[in-house]
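The following note sets out comments on the model shown below.

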Amino acid sequence: MTEIISNLDVTKLVVEHPIGEDNPPLLFPYSDDPSQKPLTQRVLQQSDFDISWQDKLTDTQLDIFVDDGWIIIDEVFETKALLALQAESGFIDYRDAELTAGIRVSDIRGDRIRWITENFFAGFYYLQSINALASLFNRSLFAGIRHSEAHYACYPLGFGYQWHSDNPAGRDERVISAVFYLNDEWEPTDGGALEIIDKHGVHHNVMPVANRLVIFDSDLKHQVQIAHRQRYSIATWMRRDGLVPFVEDNI
């Protein structure tokens, strides 16, 4: 079995105790009432993240996706799942992202990330929901997707990600990309929009509002505009290559 060892640098912890098997984040805000034991991610089940993608993604939307190369789905998850993802995203030991060549260039991309594995309670269930969406794409569009991958992303104030496509030159493993947004009450003045160029060369600006999933062809050019407040999301890719487990160093 091939192992991919992370060479991502560890950044300063967002909190003193990052999430993990022994420290699941709260599912709902902490209460001062000592009689109320706080719920954690351990109470989550896969069923909390179940989605009827056939209802969310109509035939008309599939036609738009084929024609334009991208679509938006709002109000993706029920409240419990959304809150769990938001909570988890705030308790992560984020690490500096890198470019394909393995060199971090902060003026090209400024996000900090953490790949989702089975150690992330909510994130792992999110990924299973994405795999169900990939199955729908395979049935409807013969997409040939074999597995999905995703990471949490945090853009600090003043950072973005310049123009790129999710398939580097000469590569085509990523078939469909998706971004799920986690910030409540996001305003246009907060910046951080996803700017995407569709198959017809038209530019679109998409606000990163909570519970929104943007789905697009992985070959489309896109960028993240400069964020004026801290911006949280889950970057997601549905891939046609074989599944290779992602293993991180114990840093």
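**Comments on the predicted model**

1. Confidence. The protein chain has an average pLDDT of 82, and 76% of the residues score at least 70; pLDDT is the predictor's confidence in each residue, from 0 to 100. Over residues 1–30 the pLDDT is below 50, although this stretch has 80 contacts in the model beyond near neighbours in sequence; a contact means heavy atoms within 4.5 Å. Where pLDDT is low, the predicted coordinates should not be read in detail.

2. Basis of the values. This is a predicted model, in which local features need pLDDT of at least 70 and side-chain atom pairs count only at pLDDT 80 or more, while totals for chains, interfaces and linings use all residues. Residues are numbered from 1 along each chain as its sequence is written, and side-chain values use heavy atoms, with hydrogens and water left out.

3. The sheet. Seven strands form an open sheet in the order E2-E10-E7-E12-E5-E4-E3, with antiparallel pairing. Strands E2 (70–73) and E3 (95–96) stand at the edges with a single partner strand each, so one side of each is left without a neighbour in the sheet. Helices (H or I, at least four residues) and strands (E, at least two) are DSSP runs, numbered from the N terminus, and two strands pair if DSSP finds at least two bridges between them.

4. The E7–E12 pair. Strand E7 (residues 174–181) pairs with strand E12 (residues 231–239) in the antiparallel sense over seven bridges. Arg-174 stands opposite Arg-239 in E12.

5. A helix on the sheet. Helix H3 (residues 79–89) packs on the sheet and touches strand E5 (147–155), E7 and E12. The direction of H3 makes about 60° with that of E5; axes are lines fitted to C-alpha atoms, for helices over the stretch in contact, and angles run from 0 to 180 degrees between N-to-C directions.

6. Gln-230. This residue is found in the loop between strand E11 (222–224) and E12. Gln-230 and Cys-154 are 76 residues apart in sequence, yet 7.0 Å apart in space, C-alpha to C-alpha. Not counting residues up to four places away in sequence, Gln-230 touches several residues, including Arg-112, Cys-154 and Trp-186.

7. Helix H4. This helix (residues 121–141) has 21 residues and reaches 30 Å from its first C-alpha to its last, close to the 30 Å expected at 1.5 Å a residue; the expected span is 1.5 Å times one less than the number of residues. H4 is followed by Phe-142, whose phi is positive, near 50°.
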